[in-house]
Amino acid sequence: MDHSGHGMMTDLPPFTLSRGLEPSFNGFFLFACLLGLALYGWGVARLMARGDRWPVGRTVSFVIGVLTVLLVLCTKLNDYGMVMFSVHMVQHMVISMLTPILLLLGAPITLALRALPVAGRGRTGPRELLLKLLHSWYMRIITHPAFTIPMFIASLYALYFTPLFDYLMGSTAGHIVMMVHFLAVGLVFFWPIMGVDPGPHRPGYVMRMLELFAGMPFHAFFGIALMMASGPMIGTYMDPPASLGIDPLSDQSAAGGIAWAFSEIPSVVVLLALLFQWRRSEERQARRKDRAADRDGDQELEAYNAYLASLHARKG
């Protein structure tokens, strides 16, 4: 495959979905995905070996999350994403908004805390280091909405509307850094909102919904700005290879449409997950109250009835 000085593929045929899904392995992300699956599998196997249960749904969610990374970064979607803004935007949206949700629903931190052995007295092992990190001032900062929401927004505007994007797209290492950044920003944004894994910032359900919807309109505005632009706005995509047979302005408009439409998908998924968690939390709380009533003979209800009786007696 011939590469230009900007790392662009210059002899790709016109894009079709079947061509985009052909394998084109990226060593860095292939290794990272296989490592992630191996570590998660080790954790699940360790729990099962000692007789503990681990929800199958969490495993399925994590595996699908890893597969989404392979889908957009270890196929020719990654090659086409170097020369087509629309394909790149699919990569960005998946990596920053779909992959993090699926990975977080897999509860990898909870799994690690349950699977990693406890170090001996006075010693520090991987589990203790993870707990220390979770309770660190650094983690409190990067999971606070005052940080996560501006960072989520800046990943669009400060990247695409400055020379930084063209600089990062000019090298393989820069492209990897960009994609890792998209994933990291998505993880720290959705982590407190999803509320599956323990973390330093854990707001109530209503606040989580507010945090979710605070960032989504900016994705829509970003997409609309690309769709309404009168000329190409991103230097990397101003002169696509002739073999693609595409118009850069039309491709940019398509990228804007993808950014605008995709912002709705994770909002619905996360909202449904939050409502499900909220309902289960209420059910657990109701069961705790029922058990407490069984233990103490429903003293709380009896006390309330006695209070009402005393009020009635005073009126009499």
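The text below takes the helix, then the spaces, then the loop residue.

**Helix α2**

The model is predicted. Helix α2 covers residues 27-49, which makes 23 residues. At 1.5 Å a residue the helix should span 33 Å, and its end C-alpha atoms lie 32 Å apart, so the two values agree.

At the start of the helix, N26 places a side-chain oxygen within 3.1 Å of the backbone nitrogen of F28. Just after the other end, G51 has a positive phi of about 90°.

The buried residues of α2 are F29, C33, Y40, G43, V44 and L47. Their cover includes α3 (56-73), α6 (108-115) and α11 (172-194). An α-helix has 3.6 residues a turn, so residues three or four places apart point the same way.

**Pocket and cavity**

Two or more lining residues come from each of α2, α3, α5 (85-105), α6, α7 (126-134) and α11.

A search of the whole structure for cavities of 30 Å³ or more finds one. The residues that line the largest cavity are H92, S96, F152, S155, L156, F182, V185 and H219. Helices α5, α9 (145-160) and α11 each provide at least two residues of this lining, and α9 gives the most, with three.

The table sets out volume and lining classes for both spaces.

| Space | Property | Value |
|---|---|---|
| Largest pocket | Volume | about 1100 Å³ |
| Largest pocket | Lining residues by class | 32 nonpolar, two polar, one charged |
| Largest cavity | Volume | about 40 Å³ |
| Largest cavity | Lining residues by class | four nonpolar, four polar, no charged |

**Residue T236**

T236 sits in the loop between α12 (205-228) and α13 (248-262). Is T236 buried or exposed? Its relative accessibility is 13%, and the cut-off for buried is under 20%, so T236 counts as buried. The side chain of T236 makes a polar contact of 2.6 Å with the side chain of D166.

Technical notes: Residues numbered from 1 in each chain as written. Predicted model: local features only at pLDDT ≥ 70, side-chain atom pairs only at ≥ 80, totals over all residues. Heavy atoms only, no water. Helix = DSSP H or I, 4+ residues; strand = E, 2+ residues; numbered from the N terminus. Expected span 1.5 Å × (residues − 1). Buried < 20%, exposed > 50% of the residue type's maximum accessible area, 1.4 Å probe, protein only. Contact = heavy atoms within 4.5 Å. Polar contact = N/O pair within 3.5 Å; in protein donor to acceptor, adjacent residues only side chain to side chain. 1 Å grid on protein atoms, 1.4 Å probe; cavity = no way out; pocket = protein on both sides within 12 Å on 5 of 7 lines; lining within 4 Å. Points joined across faces, edges and corners; volume = space filled by probe spheres on them. Nonpolar A, V, L, I, M, F, W, Y, C, P; charged D, E, K, R; others polar.
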